Amino acid sequence: MAKAAPPAANTPASAPRGFFADKNRAFWTLQIVGWTGYFLLRSLGGLANRMGISFILPTILIAITGFSITLLMGWAYRAVIRMKPVWVWSLSVIILVVGSVLFSAIEVWAHATFYEPGWQPQGIEFFGAILLTLAVLGAWTGLYYGINYYLLLDAQAERFERMAAQASSAQLEMLRYQINPHFLFNTLNSISTLVLLAETEKANTMLSRLSSFLRYSLVGEREGQATVAQEMQALKLYLEIERTRFEERLRTRFDIASDVTNARIPSLLLQPLVENAVKYAVTPLEEGADIWVTARRLGDRLELMVADTGPGVGDSRPTPEGTGVGLTNIRERLVQAYGDDHSFEIQPNGNSPLVQAGKAKGPGVLVRIEIPLQFVSSADAAQPDVLAGAGYEVLT
């Protein structure tokens with residue numbers, strides 16, 4: 001008995017997998033195997049009931065008839081399978097009844113012609129013949145619709161998964177691009193101030209570094225991912241821009257474990273945190289502040305921290321639950337990328353190794369992010385010298 005159908009005109013874009021990768025081949029395989037099995041079962045049943053070898057000839061004709069009728073039924077079902085349910089059910093019943101009547105008529109003719117001349121089914125014989133034919137074609141119909149609806153649902157589920165992935169990617173990309181205008185506004189504002197103060201050399205230097213940073217951010221991967229090494233390079237470019245304004249008041253330190261430089265993270269994830277540290281720690285203090293960035297491995301997790309030695313958490317400083325553009329962006333990107341499998345917290349900087357080692361005074365702020373540790377191959381990720389250049393200290 002057949003259990004599948006040849007490809008319909010509106011075959012889904014998603015190709016089935018496994019046995020049904022080639023629907024046409026799957027249909028003919030099941031059709032031939034099914035009706036061959038039907039012939040063998042009926043033949044063996046007749047021989048077991050001592051109906052003689054002559055019973056095989058009408059059985060061959062009946063199997064060929066069933067094979068041919070179900071081909072016509074399959075063609076008809078393909079025309080109705082995508083209609084509204086009420087039409088699918090109604091037309092399928094009509095097709096099944098017509099096919100059963102035709103099958104029964106040919107079966108009776110073959111039996112009366114080649115096995116028992118002049119035989120006509122009466123009473124229970126007539127009912128049994130109709131019931132058997134209806135059961136066989138009904139089973140074929142059920143398997144046909146079952147397999148085809150399974151393939152349709154599988155294709156639909158695959159499309160939904162692809163659409164969800166595309167929507168998530170688009171959301172991540174949108175959030176990533178939100179960072180650039182936010183940062184660009186602040187930087188251009190600073191350049192404008194330098195121009196008004198006639199500090200043209202500093203303004204030109206800042207413009208040059210700004211172009212380098214924007215060029216770096218625009219060539220990021222489409223999915224908005226970067227390695228830790230690439231992220232640190234972006235932070236270095238940003239801090240070079242800010243150092244034009246703050247000079248010695250901005251002191252930066254990096255502690256990047258060598259075994260996580262190839263770890264994958266959302267690109268420009270830490271830039272808003274460093275920007276906040278510059279705004280709320282360096283800017284208000286005459287002596288400036290230290291900004292410390294760390295990345296290390298914790299088992300199968302990646303811990304990222306940005307700490308500063310500014311005034312600490314206050315009413316003017318946004319929190320992860322606040323309305324700051326940068327922090328809100330980070331929180332949404334983490335949710336999009338990792339769901340609930342991440343942590344994002346802001347706490348006083350007393351827990352920072354920077355303070356505990358006596359290298360800086362508090363209170364300051366420590367922002368800690370923990371995400372799953374995911375690596376890219378070394379061939380896929382360029383590893384810039386993330387700590388090269390003046391003004392950067394590596395903590396060991």
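Student: Which residues touch the most other members of the largest nonpolar core?

Tutor: That core has 47 residues, and L270, L273, L302 and I369 touch the most other members. A nonpolar core is a set of buried Ala, Val, Leu, Ile, Met, Phe, Trp, Tyr and Cys residues joined through side-chain atoms within 4.5 Å. Buried means under 20% relative accessible area, exposed means over 50%, and partly exposed lies in between (1.4 Å probe, protein chains only). The model is predicted: local features need pLDDT of at least 70, side-chain atom pairs count only at pLDDT 80 or more, and totals for chains, interfaces and linings use all residues. Residues are numbered from 1 along each chain as its sequence is written, and side-chain values use heavy atoms, leaving out hydrogens and water.

Student: Which helix gives the most to this core?

Tutor: Helix α6 (residues 228-246) does, with nine residues. Helices (H or I, at least four residues) and strands (E, at least two) are DSSP runs, numbered from the N terminus. The protein chain has nine helices and eight strands. A second, separate core of 20 residues includes W35, V80, L96 and V136.

Student: How do you know whether L269 is buried or exposed?

Tutor: The relative accessible area of L269 is 0%, so L269 is buried. This residue lies in the loop between β3 (264-266) and α7 (271-282).

Student: With which residues is L269 in contact, leaving aside its neighbours within four places in sequence?

Tutor: They are E231, L304, I330, R333, L334 and I369, where contact means heavy atoms within 4.5 Å. L269 and L304 are 35 residues apart along the chain, and their C-alpha atoms are separated by 10.0 Å. With neighbours set aside in the same way, L273 is in contact with V306, L327, I330, F344, V367 and I369.

Student: What span is expected of helix α1?

Tutor: The expected span is 1.5 Å times one less than the number of residues. Helix α1 (residues 23-48) has 26 residues, and its 37 Å from first C-alpha to last is close to the expected 38 Å. Its buried residues include F27, L30, W35 and Y38. Just after α1, R50 takes a positive phi of about 60°.

Student: How many aromatic pairs does the structure hold?

Tutor: It holds ten. Rings of Phe, Tyr and Trp (its six-membered ring) pair if their centres lie within 6.5 Å; planes under 30 degrees apart count as stacked, over 60 as edge-to-face and the rest as tilted.

Student: What is the pair of W35 and Y38 called?

Tutor: The centres are 5.0 Å apart and the planes lie at 75°, which makes the pair edge-to-face. W35 and Y38 are three residues apart in helix α1, and so are separated by about one helical turn. W35 counts as buried because its relative accessibility is 3%, and Y38 counts as buried at 8%.

Student: Why is the pair of Y77 and Y144 called tilted?

Tutor: The ring centres are 5.5 Å apart and the planes meet at 45°, so the pair is tilted. Y77 belongs to helix α2 (residues 56-80) and Y144 to helix α4 (residues 124-196), so the pair ties together parts 67 residues apart in sequence. Y77 counts as buried at 0% relative accessibility, and Y144 counts as buried at 1%. Ring pairs link Y77, W140, Y144, Y145 and Y149 into a cluster.

Student: What percentage of the residues of the protein chain count as buried?

Tutor: Of its 396 residues, 45% count as buried.
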